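Open the model in your viewer and keep the selection tool ready. This tour moves from one selection to the next.

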Amino acid sequence: PRLVQQVLANLVRNGVEAFEPDGPGPRRVVVRLRERPGRVVVEVEDAGPGLDEASRRRVEQALADPQAT
């Protein structure tokens, strides 16, 4: 539970920090929780600029193989 709390707090903080001060569009971070049989699904979405290609690949690799990080 503590690790999940830390991960969610980091995701929300990163989403807020990614906002451009005078950027266009909405400034929001959305956290969704859904219950599925035997698990809970957590989604975090922000309206920030997103990741560049190299960063996206690093994140995907870390998610696919947590032992590699």
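Select α2 first. This helix has 12 residues and runs 16 Å from its first C-alpha to its last, close to the 16 Å expected at 1.5 Å a residue. The expected span is 1.5 Å times one less than the number of residues. Helices (H or I, at least four residues) and strands (E, at least two) are DSSP runs, numbered from the N terminus.

A word on the source: this is a predicted model, where local features need pLDDT of at least 70 and side-chain atom pairs count only at pLDDT 80 or more, while totals for chains, interfaces and linings use all residues. Residues are numbered from 1 along each chain as its sequence is written, and side-chain values use heavy atoms, with hydrogens and water left out.

Now go to the start of α2. Here a side-chain oxygen of aspartate 52 comes to within 3.2 Å of the backbone nitrogen of alanine 54.

Next, pick serine 55, also in helix α2. Serine 55 counts as buried because its relative accessibility is 15%. Buried means under 20% relative accessible area, exposed over 50%, and partly exposed in between (1.4 Å probe, protein chains only).

Stay on α2 and show arginine 56 and glutamate 60. Their side chains meet in a salt bridge, 2.5 Å from N to O. A salt bridge is a side-chain nitrogen of Lys or Arg within 4 Å of a carboxyl oxygen of Asp or Glu. The two residues are 4 apart, about one turn of the helix. Arginine 56 is partly exposed at 31%, and glutamate 60 is partly exposed at 41%.

Move to the strands and select arginine 32. Glutamate 43 lies in strand β2, 11 residues from arginine 32. Salt bridges that share partners join Arg32, Arg34, Glu43 and Glu45 into one network. The whole structure holds 5 salt bridges.

Last stop: the largest pocket. Select Leu11, Asn14, Asp46, Leu51 and Val59, which lie nearest its centre among 13 lining residues. α1 (2–17), β2 (39–46) and α2 (53–64) each give two or more residues to this lining.

Note on methods:
On a 1 Å grid over the protein atoms alone, a cavity is a set of points where a 1.4 Å probe fits but cannot get out, and a pocket is an open set with protein on both sides within 12 Å along at least five of seven lines; lining residues have an atom within 4 Å of a point. A polar contact is a pair of N or O atoms within 3.5 Å; within protein, one must be able to donate a hydrogen and the other to accept it, and residues adjacent in sequence count only if both atoms are side-chain atoms.
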